[in-house]
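Work through the exercises below with the sequence and the model open. Try each task before reading its solution.

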Amino acid sequence: MTSFDELKSKALDLAQAGAAKAKELTDIAKLNIANSAEEDAIRKAYIDLGKLYYAERGMAPEGAYMSLCEKITASKQKIEENKAKIAEM
């Protein structure tokens, strides 16, 4: 038959293992949150990079950038047209 001390020791071991696993899961969650923050920083940097490129080269884009710059220019023109229509109303 198992003694009280053995049961107590097993319970303590299980509690310690559970605490270690909980800490591990907490650390993983913190790292995932940190990764999300870094991914957000990358997205913001890409946006800033695109804005800078468009500001500097949007009227004379190179190769692969031409289509995207044309879309931005077309959208800006539509916005201005819509603003003019709103002003007329």
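**Exercise 1.** Which side chains meet in a salt bridge at 2.9 Å, N to O?

*Solution.* This is a predicted model, in which local features need pLDDT of at least 70 and side-chain atom pairs count only at pLDDT 80 or more, while totals for chains, interfaces and linings use all residues. Residues are numbered from 1 along each chain as its sequence is written, and side-chain values use heavy atoms, with hydrogens and water left out.

Step 1. Take the rule: a salt bridge is a side-chain nitrogen of Lys or Arg within 4 Å of a carboxyl oxygen of Asp or Glu.

Step 2. Apply the rule: the side chains of Lys23 and Asp27 meet at 2.9 Å, N to O.

Step 3. Lys23 and Asp27 are four residues apart in helix H1, so about one helical turn separates them. Helices (H or I, at least four residues) and strands (E, at least two) are DSSP runs, numbered from the N terminus.

Step 4. Check the cover. Asp27 has a relative accessible area of 30% and is therefore partly exposed. The classes are buried (under 20% relative accessible area), exposed (over 50%) and partly exposed in between, with a 1.4 Å probe and protein chains only.

**Exercise 2.** Describe the salt bridge of Arg43 with Asp40.

*Solution.* Step 1. The closest N and O atoms of Arg43 and Asp40 are 4.0 Å apart.

Step 1. Both residues lie in helix H1, three residues apart, about one turn of the helix.

Step 2. Arg43 is partly exposed at 46% relative accessibility, and Asp40 is partly exposed at 30%.

Step 3. A network of salt bridges links Asp40, Arg43 and Lys44. The count of salt bridges comes to five.

**Exercise 3.** How many aromatic pairs does the count give?

*Solution.* Step 1. Rings of Phe, Tyr and Trp (its six-membered ring) pair if their centres lie within 6.5 Å; planes under 30 degrees apart count as stacked, over 60 as edge-to-face and the rest as tilted.

Step 1. The count comes to one aromatic pair. The ring centres of Tyr53 and Tyr65 are 4.6 Å apart and the planes are at 35 degrees, so the pair is tilted.

Step 2. Tyr53 lies in helix H1 (residues 4-57) and Tyr65 in the loop between H1 and helix H2 (66-88), so the pair ties together parts that are twelve residues apart in sequence.

Step 3. Tyr65 has a relative accessible area of 43%, so Tyr65 is partly exposed.
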